[in-house]
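Let's work through a few exercises on charged side chains and what they pair with. Have the model open beside you as you go.

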Amino acid sequence: MRIRIVDAFTDRPFAGNPAGVLLLDAFPEDDWLQKVALEVNHAETAFAHRLPEGGEADWALRWFTPATEVAMCGHATLATAHVLRTTGAHEGPVRFATRSGVLIASPAGDGAITLDFPTAPLTAVDVPDGVARALGTEPRTAYDTGANVGDLVLELADEKTVRGLAPDHKALAAYSARGIIATARAEDPSRGYDFVSRCFFPNVGIDEDPVTGSAHTALALYWSERLGRPDLTGLQASARSGLVRTGLRGDRTLLTGHAVTVIEGDLLV
């Protein structure tokens with residue numbers, strides 16, 4: 001079967017967030033899926049198979065990190081939609097049946113793809129004792145993102161602080177189900193983005209995720225409320241970096257980005 005590595009939320013290779021993508025006839029045993037994800041060893045590997053016509057979704061989709069299956073993944077969904085479009089396996093908007101409900105990916109003429117995801121609920125919480133020590137700086141605010149995302153959003157003092165983080169990843173694991181989203185307002189919005197973030201997910205085997213679509217279902221709500229605009233652009237300031245255009249639409253969030261296939265080959269087992 002064909003396996004592809006796709007860089008998502010970028011329009012150039014070797015940037016954004018890489019994801020493995022496999023299109024299958026059906027889902028094999030979970031143990032096999034997990035072993036493939038570990039072999040690929042990117043933040044997520046996506047597995048998809050076509051569903052019968054006439055249902056609420058066109059393809060079934062699951063996501064695995066090297067350590068576990070996850071309930072939601074934006075960049076691997078974008079990567080899968082990109083593979084379906086570029087290979088001719090599916091034309092037009094595609095509906096994915098997932099653990100987070102039906103998620104829709106809509107391609108545009110310029111190659112961009114827009115994901116329609118549920119908006120993450122935000123609940124203000126006290127900054128946990130010890131998180132400042134683990135992160136290396138004192139957060140301004142803390143918000144829980146609910147079960148689907150499973151992160152703790154922490155607003156930091158400024159963009160420079162976010163970019164300069166060197167956290168204790170093992171210590172961060174104690175503070176949320178998946179990990180920590182560190183964010184701040186952009187220092188200079190004329191550079192083309194409104195806010196910055198970095199995402200640390202030690203509980204699912206990812207010390208730092210390069211570009212995280214699911215995190216932006218929380219960040220879109222957080223920054224739209226503060227900046228007074230529903231449509232924003234976020235820069236995830238990892239070493240690879242990537243841009244996510246967000247559109248807050250009530251209980252849904254639109255996530256728009258490009259993707260590039262960088263490797264295609266045969267899986268022999």
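**Exercise 1.** Find how the side chains of Asp188 and Arg191 meet, and say how exposed Asp188 is.

*Solution.* Step one: the two side chains form a salt bridge, with N to O at 3.9 Å. The term stands for a side-chain nitrogen of Lys or Arg within 4 Å of a carboxyl oxygen of Asp or Glu. Step two: Asp188 has a relative accessible area of 28%, so it is partly exposed; buried means under 20%, exposed over 50%, and partly exposed in between (1.4 Å probe, protein chains only).

Before going on, note that this is a predicted model, where local features need pLDDT of at least 70, side-chain atom pairs count only at pLDDT 80 or more, and totals for chains, interfaces and linings use all residues. Residues are numbered from 1 along each chain as its sequence is written, and side-chain values use heavy atoms, leaving out hydrogens and water.

**Exercise 2.** Work out which parts the salt bridge between Arg178 and Asp151 ties together.

*Solution.* Step one: the closest N and O atoms of this salt bridge are 2.6 Å apart. Step two: Arg178 sits in the loop between helix H6 (169–172) and strand E12 (179–185), and Asp151 in strand E11, so the pair joins parts 27 residues apart in sequence. Helices (H or I, at least four residues) and strands (E, at least two) are DSSP runs, numbered from the N terminus. Step three: Arg178 is buried at 9% relative accessible area, and Asp151 is buried at 0%.

**Exercise 3.** Name the residues linked with Arg2 in a network of salt bridges.

*Solution.* Arg4, Glu264 and Asp266 join Arg2 in that network.
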